[in-house]
Amino acid sequence: MNSYSKLSKNELQNEIEKLEKRYNAFKEQKLKLDMTRGKPCSEQLDMCMEILDIPSRELRKAADGTDTFNYGVLDGLPEAKELFAEMLDVDKSEVIIGGNSSLNLMYDAVARAMSLGILGSTPWSKLDRVKFLCPSPGYDRHFAICELLGIEMITIDMRQDGPDMDTVEKLVSEDDSIKGMWCVPKYSNPDGITYSDRVVDRIAALRPKAKDFRVFWDNAYCVHHLSDKPDELKNILTACKASGNDNMVYVFSSTSKISFPGAGIAAMAASVENLNGIRKSMTIQTIGHDKINQLRHVRYFKNLDGINLHMKKHASILKPKFDIVNEILEKELGGKEIASWNKPNGGYFISLNTLNNCAKEVEKLSLEAGVVLTKAGATYPYGKDPKDRNIRIAPTLPPVEELKKAIEIFCISIRLVSAKKFLE
Ligand code: PLP
């Protein structure tokens, strides 16, 4: 079909009539379809059940003799560090293991900088203003941390190869109240893009005015490929070292979407100097995290090959779901010039842009027909999408039949809202 912009008033009215029939037919079904959060589906979780069958006697002694059932080992078992070092392509001396959530590690890192500063700097809470750069659309929970702690957020446009680096370079070099930048560099949430080598190099070579500026590199989706030709992400720690910025980055990751969300293990990678700084307060926070779970993950996955093999099984479930979403989007919206979306090679999301000023209306219409979408605007700081156009689709959780219906309703809603817009 032609672009909506080329349709006559009559053609648009006909289109609206047809769409309303389809829409009302769905509405009568009183569906309840949830497309909000990027959670694994239950088949993915089933794939990891055996991790819980490992006999307790095999989980008791770590390689160095540590009794995992007792207190101790502040920052993780050596074998857990090795597993993450391989996954993140860093040295094991550059890894600390946390609890069950990388978001928790990120929150702690920001809260610690607020209350104690970083490597001897003034605690951020004592400064008049603290700002973070927020490439957007981005992960709502990153923005929520800033909002809670009173950190001002500056929206940075996301391009197809990563954040708009001209703006990032200019801002960080001029303003010493800019203390951080959020990045989801691989299969980003929600765009599903991977930063190009050039963007990684430019981030690593930043010359921030604030000496305690940190890049919060949330590599949540580093092994979450959907394709046999995975995206490659340049190693940020190595690139930072090459630029003499060894301390500028904190890397985060977890096994939440490898084993179990809420019962996986999380890790942080950074320079040895950064990690030593963190250990000083970590030792007051905890005597140590769950070593039994650390050993369970090491015994089960063994190494990166083990993780990759497991993630291939996840992909065999997720790829068809992403394909279905793409097919329906293409069939319903292709050629109409009313929406654009990404076709990611991995991760958990598809990000779609409607025409400007339509996303909230699409969300409302979809909801009235029984489809709950992630709140329009949630992918931007303060929940405010300046163009009101971005919607995050999370295809992983619903069963295929539900997913098909939900995306169809979503597309009909986009078409209705857009056609009406052209009639205005
Ligand atoms: N980071 C990103 C980009 C995410 O999308 C998510 C979950 O959706 C998380 C972190 C949460 O990670 P964790 O379960 O390790 O706290």
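**Figure 1. Pairing of strands S11 and S13 in the predicted model.** Strand S11, residues 350-354, runs antiparallel to S13 and is joined to S13 by 4 bridges. The structure shown here and in the following views is a predicted model. Within this pair, Leu352 of S11 stands opposite Ile391 of S13. The two strands belong to an open sheet of 3 strands in the order S10-S11-S13, paired in the antiparallel sense. Strand S10 (339-341) and strand S13 (390-393) are the edges of the sheet; each has a single partner strand, so one side of each is left without a neighbour in the sheet. On average, neighbouring strands of this sheet are turned by 25° against each other, direction ignored. Helix H12, residues 359-368, lies across S11 and S13 and runs at about 45° to S13.

Figure 2. Asp388 sits in the loop between strand S12 (371-373) and S13. The residue is not a glycine, yet Asp388 has a positive phi of about 45°. Most residues other than glycine have a negative phi. Asp388 has 19 C-beta neighbours inside 10 Å and therefore counts as partly exposed; the cut-off for a buried residue is 20 or more.

**Figure 3. Contact between domain 1 and domain 2.** According to the domain assignment, domain 1 consists of 4-44 + 308-423 and domain 2 of 61-302. The C-alpha centres of domain 1 and domain 2 are 31 Å apart. Domain 1 gives 25 residues to the contact, and domain 2 gives 27 residues. On the side of domain 1 that touches domain 2, the elements with two or more residues are helix H11 (304-333), S11 and S13. H11 provides the largest share of that side, 7 residues. By class, the residues on this side of domain 1 are 13 nonpolar, 9 polar and 3 charged.

**Figure 4. Surroundings of the ligand.** The ligand is surrounded by 13 residues, and the closest are Ser101, Ser102, Leu103, Ser254 and Ser256. The shell divides into 6 nonpolar, 6 polar and 1 charged residues. Ser254, one of the closest residues, also belongs to strand S8, residues 249-254.

Figure 5. Strand S8 is mostly covered, with 6 of its 6 residues buried. Val249, Val251 and Ser253 point one way from S8, while Tyr250, Phe252 and Ser254 point the other way; all are buried. In a regular strand the side chains alternate between the two faces of the sheet. Strand S7, residues 214-218, pairs with S8 in the parallel sense over 4 bridges. In this pairing, Phe216 stands opposite Tyr250 of S8.

**Figure 6. Cys146 in helix H5.** Cys146 lies in helix H5, residues 140-149. Cys146 has 20 C-beta neighbours inside 10 Å and so counts as buried. Leaving aside residues up to four places away in sequence, Cys146 touches Phe132, Ile151 and Met153. Cys146 and Gly120 are 26 residues apart in sequence, and their C-alpha atoms are 22 Å apart in space.

Figure 7. The peptide bond from Ser136 to Pro137 is cis, with omega near 5°. Pro137 is in the loop between strand S3 (131-136) and H5. The bond from Asn189 to Pro190 is also cis, with omega near 10°. Pro190 is found in the loop between strand S6 (178-183) and helix H7 (197-204). Most peptide bonds are trans.

**Figure 8. Val73, a buried residue with a positive phi.** Val73 is located in the loop between helix H2 (42-46) and helix H3 (78-88). The phi of Val73 is positive, about 65°, although Val73 is not a glycine. With 20 C-beta neighbours inside 10 Å, Val73 counts as buried.

Methods. Residues are numbered from 1 along each chain as its sequence is written. This is a predicted model: local features need pLDDT of at least 70, side-chain atom pairs count only at pLDDT 80 or more; totals for chains, interfaces and linings use all residues. Two strands pair if DSSP finds at least two bridges between them. Axes are lines fitted to C-alpha atoms, for helices over the stretch in contact, and angles run from 0 to 180 degrees between N-to-C directions. Two residues are in contact if their C-beta atoms, placed from the backbone, lie within 7 Å. Domain bounds come from an automatic or database domain assignment. Ala, Val, Leu, Ile, Met, Phe, Trp, Tyr, Cys and Pro count as nonpolar, Asp, Glu, Lys and Arg as charged, and the others, Gly among them, as polar. A residue is buried if 20 or more other C-beta atoms lie within 10 Å of its own, exposed if 12 or fewer, and partly exposed in between; C-beta atoms are placed from the backbone. A residue is near a molecule or strand if its C-beta atom, placed from the backbone, lies within 6 Å of it.
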